[in-house]
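I opened this entry to look up a few local contacts and then the overall form, and I note the cut-offs as I go.

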Amino acid sequence: MIAPFFSDVDIATGGQLQYYKDPDQHYAIFTWSDVGYYGCDFPCALTNTFQAILVDSTVQHIGHYPIPQGANVI
């Protein structure tokens with residue numbers, strides 16, 4: 001399990017999960033936008049947005065953003 005924001009995230013109460021996979025399969029970006037939490041009524045007024053980026057050792061930058069050497073999860 002990879003839990004970048006360890007919480008009771010519930011996209012059924014609002015928000016969405018988006019992902020992008022590099023065509024060369026060297027990295028993947030996962031973004032949870034305006035997601036609520038379990039137990040919050042729909043639409044949830046208290047939301048969070050967070051992101052996780054998984055990279056392999058060949059990635060030195062994504063766009064103009066440098067990746068720290070040896071990083072696998074950002």
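For polar contacts I took a pair of N or O atoms within 3.5 Å, where within protein one must be able to donate a hydrogen and the other to accept it, and where residues adjacent in sequence count only if both atoms are side-chain atoms. The model is predicted, so I kept in mind that local features need pLDDT of at least 70 and side-chain atom pairs pLDDT 80 or more, while totals for chains, interfaces and linings use all residues. Residues are numbered from 1 along each chain as its sequence is written, and side-chain values use heavy atoms, without hydrogens and water.

I looked up Thr-13 and found that a polar atom of its side chain lies 2.9 Å from the backbone oxygen of Asp-10. Thr-13 sits in the loop between strand S1 (9-10) and S2, strands being DSSP runs of E of at least two residues, numbered from the N terminus. Thr-13 counts as buried because its relative accessibility is 6%, the limit for buried being under 20% with a 1.4 Å probe and protein chains only. Leaving out residues up to four places away in sequence, I found that Thr-13 touches Gly-36, Tyr-37, Cys-40, Phe-42, Pro-43 and Cys-44, with contact meaning heavy atoms within 4.5 Å.

I then followed S2 (residues 16-21), which runs antiparallel to S3 (residues 27-37) and is joined to S3 by six bridges. Leu-17 has Trp-32 as its bridge partner in S3.

Overall, I noted six strands and zero helices, and a C-alpha trace spanning about 45 × 20 × 20 Å along its principal axes.

Key:
Pairing = 2+ DSSP bridges. Helix = DSSP H or I, 4+ residues; strand = E, 2+ residues; numbered from the N terminus. Buried < 20%, exposed > 50% of the residue type's maximum accessible area, 1.4 Å probe, protein only.
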